[in-house]
Amino acid sequence: NEVEFYQEDWLPAGETPTADIAVYDSLWDIMGQSSGQVFKIREEKDRALWLARHRITVFPGEYHYTIRMASGDEKWLGKGDLEFAPFEPDSLNLSAVVLGTPPAVGLESPERMGEKFIPRPTTRFGRDEEMKVYFEVYNLRPDSTGERNYREWIDVVRLEDGETKIRKYAGKVFQLLVFNFSDPRTSLTHVFERRADWRGDRAPESFSLDVSGLESGAYRIVIQVRDNVSGQWDIEETFFDIQGSGEAALKE
């Protein structure tokens, strides 16, 4: 599996920080390490918000990882656990979902498969921000003309009081989900018809969400994709938070 990690932090605005990732097996023996790319997202006086993108390839399995971004004596460290199951080679598969924003004019931006966007590791957004959603679709089948097309359902719903950010749809489901639009202040529903222009082993998918009408709170986004040729489908989900403004989301 090719895995990307994103981390951001406020560090000195001068020299670009360094960023590194290391992956370990269950006994903490190192399995791989890599240096990442770093992008300046925002600058205020002598401080800047830096985004680090780490990328590493591992076999399916269970791992530990550590990430580090440093500038002089200041550094940001993180660690966690990973578990990867292999993609099913004959089934439609979706990658993990990355949430972010469009790149600002004049600033360098991460790019993946031709799509430019600024990932937001905190997944906190203001109602005045445009949210960009990115993921990849694997194993689309071509039709008789060689085209690959699919239908995509998007469902965004605010979590109820006391509801925690736990996935509902981990893994495959046995039938297509049905989404019903309800309160426009706490939910969004979209249906897209897509044609995959990318001819490799995967197709990038990106779209924007207008969250300006949503009330503050924690939200679940569920993405369901059905291949119009094979009839196969897969589901991915993630979570985000809406706050009053993008300024508040970036400063926390």
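Tutor: Start with the cut-offs: buried means under 20% relative accessible area, exposed means over 50%, and partly exposed is in between. Keep in mind that this is a predicted model.

Student: Why is Glu 43 called partly exposed?

Tutor: Glu 43 has 45% relative accessibility, so it counts as partly exposed. The range between 20% and 50% holds that value.

Student: What makes Glu 43 and Lys 40 a salt bridge?

Tutor: Their side chains meet at 3.1 Å, N to O. The limit is 4 Å, so the pair qualifies. Lys 40 is partly exposed because its relative accessibility is 27%.

Student: How many salt bridges does this rule give?

Tutor: The count comes to 21.

Student: What makes Arg 194 and Glu 152 one of these pairs?

Tutor: Their N to O distance is 3.7 Å. That passes, because the cut-off is 4 Å.

Student: What makes Glu 163 and Arg 220 a salt bridge?

Tutor: The two side chains meet at 3.1 Å, N to O. Glu 163 lies in the loop between E15 and E16, and Arg 220 lies in strand E18 (residues 217–227), so the pair ties together parts 57 residues apart in sequence.

Student: Why is Arg 220 called buried?

Tutor: Its relative accessible area is 7%, so Arg 220 is buried. Glu 163 has 29% relative accessibility, so that residue counts as partly exposed.

Student: Now His 54. Why is His 54 called buried?

Tutor: At 0% relative accessibility, His 54 counts as buried. His 54 sits in strand E5 (residues 47–57).

Student: What makes its link to Gln 7 a polar contact?

Tutor: The side chains of His 54 and Gln 7 come to 2.6 Å. The distance limit for a polar contact is 3.5 Å, so the value passes. Leaving aside neighbours within four places in sequence, His 54 also has contacts that include Val 3, Phe 5, Ala 19, Ile 21 and Ile 67.

Student: Which members of the largest nonpolar core touch the most other members?

Tutor: Val 133, Leu 209, Ile 223 and Phe 240, in a core of 27 residues. E14 (130–138), E15, E16, E17 (202–210), E18 and E19 (233–243) are strands that each supply at least two residues of this core.

Student: What does Ile 223 touch?

Tutor: Not counting residues up to four places away in sequence, its contacts include Leu 94, Val 97, Val 133, Phe 135 and Trp 153. Glu 152 is also among them.

Student: How many aromatic pairs does a search of the whole structure find?

Tutor: Seven. In the pair Phe 125 and Phe 240, the ring centres are 6.4 Å apart and the planes are at 85°, so the pair is edge-to-face. The cut-off for that class is over 60 degrees.

Student: How do you know that Phe 125 and Phe 240 tie together separate parts of the chain?

Tutor: Phe 125 lies in strand E13 (residues 124–126) and Phe 240 in strand E19, so the pair ties together parts 115 residues apart in sequence. Both Phe 125 and Phe 240 are buried.

Student: Why is the pair of Phe 192 and Phe 207 called tilted?

Tutor: Their centres are 5.4 Å apart and their planes are at 55°, so the pair is tilted. Phe 192 is buried, and so is Phe 207.

Student: What lies over the face of Phe 192?

Tutor: Arg 194, at 4.3 Å from the ring centre. The distance limit is 6 Å, so that value passes.

Student: What makes phi of Trp 28 worth a look?

Tutor: Phi of Trp 28 is near 65°, a positive value in a residue other than glycine. Most residues other than glycine have a negative phi. Trp 28 lies in the loop between strand E2 (18–24) and strand E3 (30–35).

Student: How do you know whether Lys 45 is buried or exposed?

Tutor: Its relative accessible area is 82%, so Lys 45 is exposed. Lys 45 also has a positive phi, about 55°, although it is not a glycine.

Terms used: Residues are numbered from 1 along each chain as its sequence is written. This is a predicted model: local features need pLDDT of at least 70, side-chain atom pairs count only at pLDDT 80 or more; totals for chains, interfaces and linings use all residues. Side-chain values use heavy atoms; hydrogens and water are left out. Buried means under 20% relative accessible area, exposed over 50%, partly exposed in between (1.4 Å probe, protein chains only). Helices (H or I, at least four residues) and strands (E, at least two) are DSSP runs, numbered from the N terminus. A polar contact is a pair of N or O atoms within 3.5 Å; within protein, one must be able to donate a hydrogen and the other to accept it, and residues adjacent in sequence count only if both atoms are side-chain atoms. Contact means heavy atoms within 4.5 Å. A nonpolar core is a set of buried Ala, Val, Leu, Ile, Met, Phe, Trp, Tyr and Cys residues joined through side-chain atoms within 4.5 Å. Rings of Phe, Tyr and Trp (its six-membered ring) pair if their centres lie within 6.5 Å; planes under 30 degrees apart count as stacked, over 60 as edge-to-face and the rest as tilted. A charge sits over a ring if NZ of Lys or CZ of Arg is within 6 Å of the ring centre and within 35 degrees of the ring normal.
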